[in-house]
Amino acid sequence: MSAAGKITLVGIGPGSVEHMTARARSAIAEADVVVGYVTYIKLVADLLEGKEVVRKGMTEELDRAVSALEAAREGKKVALISSGDAGVYGMAGPTYEVLFQAGWTPDDAVQVEIVPGASALNACAALVGAPLTHDFCAISLSDLLTPWPVIARRLDAVARADFVVALYNPKSGRRTRQIVEAQRLFLRHRRADTPVAIVKSAYRRRQNLVFTTLDQMSEQDIGMLSTVLIGNSSTFLRNGLMVTPRGYANKYDGLAQGGETRDGEKPGRSLSTGLLGWLHALREQVDAGRSVAELACEHDLPEDYIAATLAEPMDGAVEPVGAEDADER
Ligand code: SAH
């Protein structure tokens with residue numbers, strides 16, 4: 001029996017050699033077969049001597065996973081190259097699906113390793129400032145495999161929930177209206193002047209950054225190699241940098257060390273409007289005669305949630321001393 005093969009899913013980062021991890025390079029160096037798009041293969045050209053190289057086009061993901069498995073069963077080490085991270089809109093999902101269908105389990109002789117890489121959202125965020133320093137999410141506008149109502153519902157939900165959003169696959173030659181619809185959905189919840197950054201080919205030769213606003217977003221030059229970052233209601237643009245505040249202003253009067261905490265706030269403790277403080281305030285309001293329905297409306301939360309959490313005994317709402325991480329500001 002030949003030595004067992006291996007499939008390695010290698011995320012190579014945004015597209016420059018400097019932003020590829022050492023493990024990504026060594027995983028490619030260890031492989032007998034390297035599979036990936038031409039553009040990415042070129043980036044690792046120096047590592048490919050003596051290897052079988054399979055240059056693939058765009059829509060052959062399942063084929064690629066199947067042939068990787070076949071080669072690994074023959075005892076070969078196969079590296080499947082993804083841009084960014086292989087687990088973010090990449091080959092990791094389809095590969096496991098194909099493997100499971102073929103009866104593969106983690107005990108199989110064929111090993112699988114995923115090598116993480118910086119995803120487009122990390123790369124693009126680093127170029128535009130600090131847009132993702134509070135809650136964010138990623139949505140792909142590609143409707144090649146996802147029905148539009150599913151995408152639209154997610155856009156609507158995150159726009160309403162005030163997430164910063166990274167839009168992957170925002171537009172292609174054939175898919176031009178999706179970004180217009182995304183803008184329409186966002187404008188229902190967010191200000192027209194919400195900052196938006198469009199980053200094309202981050203850390204590649206044709207890298208280009210454009211700052212704009214939500215109401216102008218869909219008129220910009222956006223393509224297959226662009227990622228669109230839409231700010232939340234606190235994101236601002238200053239000196240050519242897009243920044244989403246972490247929320248220090250909710251707690252401190254000054255940003256620098258030694259800044260006074262605002263009235264009612266303590267360093268290293270949840271905000272007075274954090275979970276426990278908020279619950280106490282709710283309880284007082286209910287005791288004073290406010291209805292749960294009113295409070296639900298005021299906080300934009302489901303009535304049954306407010307009712308259920310108020311039904312819990314309040315003694316759980318006393319903070320044990322030292323329970324919080326002292327490093328947390
Ligand atoms: N696995 C990749 C994403 C693949 S989906 C990752 O983790 O980054 C392809 C989409 O990723 C593109 O349409 C674009 O939105 C985004 N993308 C990938 N590389 C990029 C780059 N260098 N600059 C800007 N966007 C990029």
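Axes here are lines fitted to C-alpha atoms, for helices over the stretch in contact, and angles run from 0 to 180 degrees between N-to-C directions. Helices (H or I, at least four residues) and strands (E, at least two) are DSSP runs, numbered from the N terminus. The model is predicted, so local features need pLDDT of at least 70 and side-chain atom pairs count only at pLDDT 80 or more, while totals for chains, interfaces and linings use all residues. Residues are numbered from 1 along each chain as its sequence is written, and side-chain values use heavy atoms, with hydrogens and water left out.

**Exercise 1.** Describe how helix α8 packs against helix α9.

*Solution.* 
- Step 1: Take the geometry of α8 (residues 275–287) and α9 (residues 292–299): the angle is about 140 degrees and the axes are 10 Å apart.
- Step 2: Classify the angle. Under 35 degrees is roughly parallel, over 145 roughly antiparallel, 65 to 115 roughly perpendicular and the rest oblique, so α8 and α9 are oblique to each other.
- Step 3: List the contact (heavy atoms within 4.5 Å). W278, L282, Q285 and V286 of α8 meet L295, E298 and H299 of α9.

**Exercise 2.** Work out which residues the ring pairs link into a cluster, and how accessible they are.

*Solution.* 
- Step 1: Recall the rule: rings of Phe, Tyr and Trp (its six-membered ring) pair if their centres lie within 6.5 Å; planes under 30 degrees apart are stacked, over 60 edge-to-face and the rest tilted. The whole structure holds five aromatic pairs.
- Step 2: For Y96 and W104, the centres are 5.9 Å apart and the planes are at 45 degrees, so this pair is tilted.
- Step 3: F100 and W104 also form a tilted pair, at 6.2 Å centre to centre with 40 degrees between the planes.
- Step 4: Join them up: ring pairs link Y96, F100 and W104 into a cluster.
- Step 5: W104 is buried at 6%, Y96 is partly exposed at 26%, and F100 is exposed at 51%.

Note on methods:
Buried means under 20% relative accessible area, exposed over 50%, partly exposed in between (1.4 Å probe, protein chains only).
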